[in-house]
Amino acid sequence: FILMGFFAISISSCVSLKKVVYLNNLSDSTGNLINAKTDFETPIQKNDLLSIAIGGSNADDLTALNSASGVIPGAAVGGASKGIGYLVEADGTIQLPFIGKVKAEGLTRLQLEDTLTAMLKDYTKNPIVNVKFLNYSYSVLGEVNRPGKFDMDNEKTTIFDAIANASDLTLLGKRDNILVVREVNGKREYGRIDLLSKDLFKSPYFYLKTNDVVYVEPVKSKFFSRNGVPQYIGIAAGALALLLTILNLSKL
């Protein structure tokens, strides 16, 4: 009876590894990742806040070019001030000293750097332009241990970075159907990611973009308890233990 009791408990505490282990169909060979998506750059969108620093060989010109004309205070995110930056207006442009309006929407950060470098050659010698995002963040919601809004340190923030910042999924998190909500050109699009498959490296949603929302759905609660164990296993184990008890007592 004792041995059967331990057997029932062990059954009720087991969860298939394939349901919780990320990339469980990845073989030992790294060759499977050759086609992983690596060509990723975030396009600039309306309402983005950009830091633009201009360098060159003429210090007097740089003082004027790096003036605060046309910039707005950046919003504080996570308690840290984001400083000042150039706001991408509703028409997709930014306003720079001397140059005026420059189309930024749709360009990548590097493309805008090249555009501004070419324009600034008429105002200073050997211009060097550095562009950074100031409002680069995403949100993680649902069945994670620490939901919230997080800043991106760079443009190549992955879905794994988002999960790590959210302290991983709970046992109730549906790992094979992660929802990513993304705004592109004023329209929202939706994508799904399977964390259990190596194919996620090829997904356009593997790298996150600014203002992405990552939502982790729960598994069907009627089949799982809060600790992630399928309820029918616990019920079956309890019924087996009860049956063994009745049989044992009937022999007395």
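Does Phe206 count as buried or exposed, and at what relative accessibility? Phe206 counts as buried because its relative accessibility is 6%, where buried means under 20% relative accessible area, exposed over 50% and partly exposed in between, with a 1.4 Å probe and protein chains only. The model is predicted, so local features need pLDDT of at least 70 and side-chain atom pairs count only at pLDDT 80 or more, while totals for chains, interfaces and linings use all residues. Residues are numbered from 1 along each chain as its sequence is written, and side-chain values use heavy atoms, with hydrogens and water left out.

**Overall fold**
- The protein has five helices and eleven strands, which are DSSP runs (helices H or I, at least four residues; strands E, at least two) numbered from the N terminus.
- Of its 252 residues, 36% count as buried.

**Aromatic cluster**
- Phe160, Phe201, Phe206 and Tyr207 form one aromatic cluster, in which rings of Phe, Tyr and Trp (its six-membered ring) pair if their centres lie within 6.5 Å, and planes under 30 degrees apart count as stacked, over 60 as edge-to-face and the rest as tilted.
- Phe160 is partly exposed, with a relative accessible area of 24%, whereas Phe201 is buried at 14%.
- Phe160 and Phe206 form an edge-to-face pair, 6.1 Å centre to centre with 80 degrees between the planes.
- Because Phe160 lies in helix α4 and Phe206 in the loop between β10 and β11, this pair ties together parts that are 46 residues apart in sequence.

**Helix α5**
- Leu247 lies in helix α5, which spans residues 231–250, and counts as partly exposed at 43% relative accessibility.
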